[in-house]
Amino acid sequence: MKFRFASTLGVALFVSGLLLAGCDANGEPEGELLIEDLQEGDGPAVKAGDPIMVSYVGRLEDGTVFDTSEDDELPLAFTLGVGQVIEGWDQGIAGMRPGGTRRLTIPPHLAFGRRGFGDAVPGNATVIFDITLDRILDDVYIEDRVDGEGATAKTGKILTVNYTGTLLGDIEFDSAEGFTFELGSTGFIEGWHRGLEGMRAGGERMVVIPYHLAYGQAGNGIIPPFSVLTFVVELLEVREP
């Protein structure tokens, strides 16, 4: 994917006062958010404060696709309603149920404003997103990409791993090679331990951790508040302490 609207630059479009973009002659924002459910989901309705995973396609009004999650290696995971994505998403995704797909037609003042976004989205553009709510993250989400055949990671074992940690699917905040630690020991977020439990040496696993099992509502240093974290971990070795 060439550009991710939910990145820190996308958030900056809102806090920098660009919400005045797309205004009429009286200086009032033009257009309203239009919502169309293409497929109903099942389960609880998502609400502000829920950590979620979504897939999506974004188009301009002429049908040009400017962004899609289809080819992404990592999922887009974020917390709804806390300003991590464009305002049209925070408003328009609320009420969806897992498995559902919704079309959002978003006016400029709830999207990318008068400046647009690079070469992908022109200034004052209305954008259209088809969004599927893949899941609400009550616990860690685990996806084994390579099944290992060695020893199994268990609490109290010493693990050696390679890993990369990202925010919003593509913002890397940490990585290490040959990192060694005791699984279940203090000093690590709860989601890290839950996500690696049961891995076997030689395997590779993606772990998506909701904020309440990571750094919470306050964040920590470079980790913003309410952040959903994604780790890709290669388990090199499991041994006794």
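This report walks through the fold, the aromatic pairs and a few individual residues of a predicted model.

## The chain as a whole

Let's start with the big picture. The protein chain has three helices and eleven strands. Going along the sequence, they come in the order α-β-β-β-β-α-β-β-β-β-β-α-β-β.

Of the 241 residues in the protein chain, 49% are buried. The accessible surface of the chain is about 11500 Å², and carbon and sulfur atoms account for 46% of that. As for contacts, take those between residues at least 6 apart in sequence: 71% of them join residues at least 24 apart.

## Aromatic pairs

A search of the whole structure turns up 17 aromatic pairs. One of them is Tyr56 with Trp89: the ring centres sit 5.4 Å apart and the planes meet at 80°, so this pair is edge-to-face. It ties together distant parts of the chain, with Tyr56 in strand β2 and Trp89 in helix α2 (residues 87-93), 33 residues apart. Both Tyr56 and Trp89 are buried.

Phe181 and Trp192 make another aromatic pair, this one tilted, with 5.5 Å from centre to centre and 50° between the planes. Here the link runs from Phe181 in strand β9 (residues 171-182) to Trp192 in helix α3 (residues 190-196), and the two are eleven residues apart. Phe181 is buried at 5% relative accessibility, and Trp192 is buried too, with a relative accessible area of 7%.

Back to Tyr56 and Trp89 for a moment: they also belong to a cluster. Ring pairs join Tyr56, Phe66, Phe78, Trp89, Phe112, Phe117 and Phe129 in it.

Val57 has a relative accessible area of 21%, so it counts as partly exposed; the cut-off for buried is under 20%. Setting aside neighbours within four places in sequence, Val57 touches Val65, Asp67, Thr68, Ile128, Phe129 and Asp130. Among these, Asp130 is 73 residues away along the chain, yet its C-alpha atom is 5.4 Å from that of Val57.

Thr68, another of the contacts of Val57, belongs to strand β3 (residues 65-68). With 19% relative accessibility, Thr68 is classed as buried. A polar atom of the Thr68 side chain lies 3.3 Å from the backbone oxygen of Tyr56. The Thr68 side chain also reaches the backbone nitrogen of Glu70, at 3.1 Å.

## Two loop residues with positive phi

Leu168 has a positive phi, near 50°, and is not a glycine. Its place is the loop between β8 (158-167) and β9. Leu168 is buried, at 10% relative accessible area.

Phe226 is the other case: its phi is positive at about 60°, again in a residue that is not a glycine. You'll find Phe226 in the loop between β10 (204-209) and β11 (229-239).

Note on methods. Residues are numbered from 1 along each chain as its sequence is written. This is a predicted model: local features need pLDDT of at least 70, side-chain atom pairs count only at pLDDT 80 or more; totals for chains, interfaces and linings use all residues. Side-chain values use heavy atoms; hydrogens and water are left out. Buried means under 20% relative accessible area, exposed over 50%, partly exposed in between (1.4 Å probe, protein chains only). Contact means heavy atoms within 4.5 Å. Helices (H or I, at least four residues) and strands (E, at least two) are DSSP runs, numbered from the N terminus. Accessible areas come from the Shrake-Rupley method with a 1.4 Å probe; for residues, only the protein chains shown count as cover. Rings of Phe, Tyr and Trp (its six-membered ring) pair if their centres lie within 6.5 Å; planes under 30 degrees apart count as stacked, over 60 as edge-to-face and the rest as tilted. A polar contact is a pair of N or O atoms within 3.5 Å; within protein, one must be able to donate a hydrogen and the other to accept it, and residues adjacent in sequence count only if both atoms are side-chain atoms.
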